[in-house]
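We will walk through a handful of stops, one selection at a time.

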Amino acid sequence: MEISAEPIRVQSLAQAGLNQVPPQYIQPPQHRPNRPSSSTNIPLINLFGLDPTRRDSVRASIGQACRDWGAFHVTNHGVPASIVDAIKRAGLTFFNDSSVEDKLKYACDPSSSASEGYGSRMLEKDDTVLDWRDYFDHHTLPLRRRNPTRWPHFPADYRQVVSEYSDQIASLARELLGLASESLGLETRRLEEAVGEFWQNITISYYPPCPQPELTLGLQAHSDFGAITLLVQDEVGGLEVLKDGEWVPVKPLGGDAIVVLLADQTECLRLIPINVFSLS
């Protein structure tokens with residue numbers, strides 16, 4: 001637990017060569033990882049570069065995926081592969097090539113949930129089972145929240161890459177909300193207007209090797225509290241979504257695929273018919 005002057009980071013535990021998971025990371029038996037039997041994957045939707053001549057079919061596919069899953073992959077979405085590769089590289093460089101001392105210069109406030117910076121947990125309660133994960137959370141939108149001096153300066157282009165990725169992924173999020181809105185028979189910007197001012201955090205998560213992966217989780221079961229989450233996976237996988245009471249693995253597709261997750265705010269909006277969007 002992060003209660004000492006020297007916060008504990010999961011990466012440091014992994015590098016120490018432990019052969020057992022510390023007790024604060026051990027999940028109760030009912031929450032431990034299982035091996036999902038489902039061979040199903042979430043829907044895959046080709047956005048065709050947001051070609052207006054394909055909008056009707058794309059809109060219909062997104063509407064169906066929202067109704068049935070609340071989660072789907074998108075490809076050909078317009079976010080340059082170079083910027084996606086760049087933010088992956090920047091994140092790995094920060095975690096793998098920076099000293100603990102350098103990383104701790106950007107440490108988040110361990111007493112405050114979801115504070116910006118380098119950390120290992122986003123929950124304030126001291127009795128919470130901890131995730132086997134380190135992360136760096138960036139406050140990126142609206143622009144008045146964006147202060148790149150709070151972000152690492154190594155690699156040298158880190159701050160520029162995060163800013164560019166923020167702008168590109170925000171544009172895609174707005175396009176997806178627009179298509180979802182249209183699929184409900186609403187005006188394109190109706191969902192975005194209902195959500196309110198567009199806030200964005202970008203979290204780079206790092207999951208070190210675990211000596212007892214059957215006892216712990218990289219990130220516990222949860223729902224996202226915002227409107228929409230866009231997630232870039234690596235080749236390792238591990239993400240699951242709850243569908244009809246069963247955890248379904250979200251298999252990494254590689255290429256330019258991005259995972260889209262509808263979050264709590266979108267699901268609960270009163271301007272849409274009840275149960276149109278569901279993650280269950």
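Two strands pair if DSSP finds at least two bridges between them. Helices (H or I, at least four residues) and strands (E, at least two) are DSSP runs, numbered from the N terminus. Please keep in mind that this is a predicted model, where local features need pLDDT of at least 70, side-chain atom pairs count only at pLDDT 80 or more, and totals for chains, interfaces and linings use all residues. Residues are numbered from 1 along each chain as its sequence is written, and side-chain values use heavy atoms, with hydrogens and water left out.

**The whole chain**

Show everything as a cartoon: the protein has 7 helices and 9 strands. Of its 280 residues, 42% are buried (buried means under 20% relative accessible area, exposed over 50%, partly exposed in between, with a 1.4 Å probe and protein chains only). Among contacts (heavy atoms within 4.5 Å) with a separation of 6 or more, 73% are between residues 24 or more positions apart.

**Strands β4 and β5**

Select β4 and β5, which run antiparallel and are joined by 7 bridges. Highlight H139 and you will find its bridge partner in β5, N201. N201 belongs to the uncovered face of β5, along with T203 and S205. The covered face of β5 carries Q200, I202, I204 and Y206.

Is S166 buried or exposed? S166 is buried, with a relative accessible area of 0%. Leaving aside residues up to four places away in sequence, S166 touches T140, L141, R146, Q200 and I202.

**Helix α3**

Next, select residues 81-97, the 17 residues of helix α3. From first C-alpha to last, α3 reaches 23 Å, close to the 24 Å expected at 1.5 Å a residue (the expected span is 1.5 Å times one less than the number of residues). Colour I83, V84, A86, I87, A90, G91, F94 and F95, which are buried. These residues are on the same side of α3 because they cover an arc of only 165 degrees around the axis (the arc is that of the directions from the helix axis to the C-beta atoms). The face turned away from this buried side carries the exposed residues S82 and D97. To see what the buried residues pack against, show α1 (10-15), α4 (100-104), β3 (117-119), β4 (134-141), α5 (158-183) and β5 (200-206).

**Aromatic rings**

Rings of Phe, Tyr and Trp (its six-membered ring) pair if their centres lie within 6.5 Å; planes under 30 degrees apart count as stacked, over 60 as edge-to-face and the rest as tilted. How many aromatic pairs does a search of the whole structure find? The search finds 11.

Start with Y25 and W132: their ring centres are 5.3 Å apart and their planes at 80 degrees, so the pair is edge-to-face. Y25 lies in the loop between α1 and β1 (44-46) and W132 in the loop between β3 and β4, so the pair ties together parts 107 residues apart in sequence. Y25 is buried at 2% relative accessible area, and W132 is buried at 3%.

Move on to F94 and F136, with centres 5.5 Å apart and planes at 90 degrees, so this pair is edge-to-face. It links F94 in helix α3 with F136 in strand β4, 42 residues apart.

**Charges over rings**

For the last stop, select R9, whose charged end sits over the ring of Y118, 4.6 Å from its centre (NZ of Lys or CZ of Arg must be within 6 Å of the ring centre and within 35 degrees of the ring normal). Then select R54, whose charged end sits over the ring of F48, 4.0 Å from its centre.
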